[in-house]
Amino acid sequence: MARAQAAGVHALALTDHDTLEGLEEAAAEAARRGMRFVPGVEISVTWGGRTVHIVGLRVDAGNAELQQGLAGLRRFRDWRAEEIGRRLERAGYPGLFEQARAHSNGRLISRTHFARALVEAGYAETTREVFRRFLVSGKPGHVPGEWADLAEAIGWIRAAGGRAVIAHPARYGLTRSKLRRLIGEFREAGGEAMEVISGSHTRDEVFTMAAHARDTGLLASAGSDYHGPENPWIELGRLPELPAGLCPVWHDWSLNTASAAPSVAV
């Protein structure tokens with residue numbers, strides 16, 4: 001929250017992967033600093049044989065259906081973390097599960113924690129390099145995901161009173177026809193928005209995603225995809241404004257300067 005405020009952010013969301021941890025603490029700190037806070041989550045989904053992420057914004061963190069669904073995903077994440085550690089050890093990189101767990105403060109262990117551990121152990125210089133060399137398909141630490149169904153994840157978000165958003169859609173490498181199919185199924189299941197602006201989107205991708213949002217009637221969102229200061233190419237408060245002619249996902253929320261302050265997916 002301090003970093004966001006220093007960057008000039010007035011309203012933001014915290015959307016961690018498959019967990020609601022941190023929302024209460026973040027909301028209290030945002031309130032203390034006079035910032036508007038949107039509780040959220042980023043749900044891992046298996047669609048078309050690949051992993052996509054669906055953000056839920058303005059969710060009720062106390063909703064039992066959402067909590068139960070995320071608990072199932074976290075059980076898989078726990079197993080996956082152990083399996084990543086086992087595969088890396090077999091490949092000649094021992095002790096990394098324990099190091100990753102230390103980076104996670106004993107909570108949910110993600111691939112980002114393994115990336116930090118591998119950098120710390122001297123196997124790579126940056127976390128971006130780690131993902132490319134160790135954690136993607138065909139590399140020693142890759143473990144395929146078995147995540148939620150698209151309609152199931154959107155159902156959890158809607159049950160919690162939230163608004164479902166397709167996160168960083170340009171990152172999935174989908175053809176135009178496949179992306180339109182994803183958007184179609186997403187809308188049919190009750191999804192309402194897509195990230196037009198993302199910390200991982202190029203300028204051209206922003207315009208392409210804006211066209212998809214306009215054509216399909218989806219609301220538009222913006223997310224930094226900020227995961228920490230070790231990723232210098234993604235930072236809080238550096239996102240441009242949404243392109244003209246789009247309706248922001250936060251258009252009917254009371255966020256004070258919402259028209260100029262996009263929700264930030266962290």
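This is a predicted model: local features need pLDDT of at least 70, side-chain atom pairs count only at pLDDT 80 or more; totals for chains, interfaces and linings use all residues.
Biologist: Is Ala61 buried, exposed or partly exposed, and how do I read that?

Modeller: Look at the relative accessible area: buried means under 20% and exposed means over 50%, with partly exposed in between. Ala61 has 29% relative accessibility, so it counts as partly exposed.

Biologist: How far apart in space are Ala61 and Gly161?

Modeller: From C-alpha to C-alpha, 9.7 Å separates Ala61 and Gly161, although the two are 100 residues apart in sequence.

Biologist: Let's turn to backbone angles. Which phi value does Asp18 have?

Modeller: Asp18 is not a glycine, yet its phi is positive, at about 60°. You will find Asp18 in the loop between strand E1 (11-14) and helix H2 (23-32). Asp18 is buried, because its relative accessible area of 0% is under 20%.

Biologist: What does Asp18 touch, not counting residues up to four places away in sequence?

Modeller: Its contacts include Val41, Glu42, Ile43 and Ser44. Leu70, Leu73, Arg74 and Arg77 also touch Asp18, as do Leu108 and Trp147.

Biologist: And what is phi near in His168?

Modeller: Phi of His168 is near 25°, again a positive value in a residue other than glycine. His168 belongs to the loop between strand E4 (163-166) and helix H8 (176-188), and with a relative accessible area of 2% this residue is buried.

Biologist: Now for helices. How are two packed helices described?

Modeller: By the angle between their axes and the distance between the axes. Take helix H4 (residues 96-103) and helix H5 (residues 111-120): their axes come within 8 Å and cross at roughly 115°. H4 and H5 are therefore roughly perpendicular to each other. The crossing of H4 past H5 is right-handed.

Biologist: Which residues make that contact?

Modeller: On the H4 side they are Leu96, Phe97, Gln99, Ala100 and His103, while H5 brings His113, Phe114, Arg116, Ala117, Leu118 and Glu120. Sorted by class, the contact of H4 with H5 has six nonpolar, three polar and two charged residues.

Biologist: At what angle do the axes of H3 and H7 cross?

Modeller: The axes of H3 and helix H7 (residues 150-159) cross at roughly 145° and come within 8 Å. Here Glu65, Leu66, Gly69, Leu70 and Leu73 of H3 meet Gly155, Trp156 and Ala159 of H7. By class, that contact has five nonpolar, two polar and one charged residues.

Biologist: Last one: where is Glu83, and is Glu83 buried or exposed?

Modeller: Glu83 has its place in helix H3 (residues 64-90). Its relative accessible area is 11%, so Glu83 is buried.

Biologist: With which side chain does the side chain of Glu83 make a polar contact?

Modeller: With that of Arg87, at 2.9 Å. Leaving aside neighbours within four places in sequence, Glu83 is also in contact with Arg90 and Val143.

How values were computed
Residues are numbered from 1 along each chain as its sequence is written. Side-chain values use heavy atoms; hydrogens and water are left out. Helices (H or I, at least four residues) and strands (E, at least two) are DSSP runs, numbered from the N terminus. Buried means under 20% relative accessible area, exposed over 50%, partly exposed in between (1.4 Å probe, protein chains only). A polar contact is a pair of N or O atoms within 3.5 Å; within protein, one must be able to donate a hydrogen and the other to accept it, and residues adjacent in sequence count only if both atoms are side-chain atoms. Contact means heavy atoms within 4.5 Å. Axes are lines fitted to C-alpha atoms, for helices over the stretch in contact, and angles run from 0 to 180 degrees between N-to-C directions. Angles under 35 degrees count as roughly parallel, over 145 as roughly antiparallel, 65 to 115 as roughly perpendicular and the rest as oblique. A crossing is left-handed if the near helix is turned anticlockwise from the far one by less than a right angle, and right-handed if clockwise. Ala, Val, Leu, Ile, Met, Phe, Trp, Tyr, Cys and Pro count as nonpolar, Asp, Glu, Lys and Arg as charged, and the others, Gly among them, as polar.
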